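Hi there,

Here is the structure I promised to pass along, with some notes to follow. Have a look at it first, then read on.

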Amino acid sequence: MISFFVNGKSRQVDVDPATPLLWVLRDVLDLTGTKYGCGIAQCGACTVHVDGQATRSCITAVSEVAGKKITTIEGLSPDRSHPLQQAWIAEQVPQCGYCQSGMLMTAAELLARNPKPSDADIDDALGTHICRCGTYQRIRRAVHRAAQSVESPAAVGGGAR
């Protein structure tokens, strides 16, 4: 049995310790907001927070997160009121939407540690995410918009870490 916290709740799962965290979140805990993209940590669609750090869940064995705090897109804000989610909507970022949960989780981590990022900071943080729709300029504008709307860095890091 492996125990950890997901979105502020204590969870225990009885799975092979080598099972990727992504599959535990999606198939065992029914948190389907985190997406499977490439399976080799190249696209970022599977990004979640592990103790506040953006982490690719497709290559993270569930045994590696024992006792840790996981935040998924569902835990960022259950009602889509997070400043980044509001900025994403205002800047009309989503196209197909598949990469969005991973992008939002990485952007939330960025703003938690750097509340006023430059374009280069945003590009560095999100440059390893792949958006097939090519909305990178809108994503950058949304991160800036969210940064301007938030006074406290803790407010953008997610509430359920």
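In this predicted model, helix 3 and helix 4 touch through a set of residues on each side: Leu84, Gln85 and Trp88 come from helix 3, and they meet Gln100, Met103, Leu104, Ala107, Ala108 and Leu111 of helix 4. Sorted by class, that contact holds seven nonpolar and two polar residues, with no charged ones. Helix 3 covers residues 83–90 and helix 4 covers residues 100–113; their axes come within 10 Å and cross at roughly 125 degrees. Helix 3 is therefore oblique to helix 4. The crossing of this pair is right-handed.

Helix 5 (residues 119–126) packs against helix 6 (residues 136–149) at an angle of about 115 degrees, and the two axes are 10 Å apart. On the helix 5 side, the contact is made by Asp119, Ile122, Asp123 and Leu126, while helix 6 brings Ile139, Arg140, Val143 and His144. Here the classes come out as four nonpolar, one polar and three charged residues. Helix 5 and helix 6 also cross in a right-handed way.

How many disulfides does a search of the whole structure find? The count is zero. Two cysteines show why. The sulfur of cysteine 38 has its closest cysteine sulfur in cysteine 43, at 3.9 Å, which is too far for a bond, since a disulfide needs the two sulfur atoms within 2.5 Å. Likewise, the sulfur of cysteine 96 lies 3.7 Å from its closest cysteine sulfur, in cysteine 133, and that is too far for a bond as well.

Where is threonine 34 found? It sits in the loop between helix 1 (21–28) and strand 3 (47–50). Is threonine 34 buried or exposed? With a relative accessible area of 1%, threonine 34 is buried, because anything under 20% counts as buried. Leaving aside residues up to four places away in sequence, threonine 34 touches Leu22, Leu25, Arg26, Ala45, Cys46, Val48, Ser57, Thr72, Ile73, Glu74 and Ser101.

Happy to go through any of this with you.

Best wishes

Conventions:
Residues numbered from 1 in each chain as written. Predicted model: local features only at pLDDT ≥ 70, side-chain atom pairs only at ≥ 80, totals over all residues. Heavy atoms only, no water. Axes fitted to C-alpha atoms, helices over the stretch in contact; angles between N-to-C directions. Helix = DSSP H or I, 4+ residues; strand = E, 2+ residues; numbered from the N terminus. Left-handed = near helix turned anticlockwise from the far one by under 90°. Contact = heavy atoms within 4.5 Å. Nonpolar A, V, L, I, M, F, W, Y, C, P; charged D, E, K, R; others polar. Parallel < 35°, antiparallel > 145°, perpendicular 65-115°, else oblique. Buried < 20%, exposed > 50% of the residue type's maximum accessible area, 1.4 Å probe, protein only.
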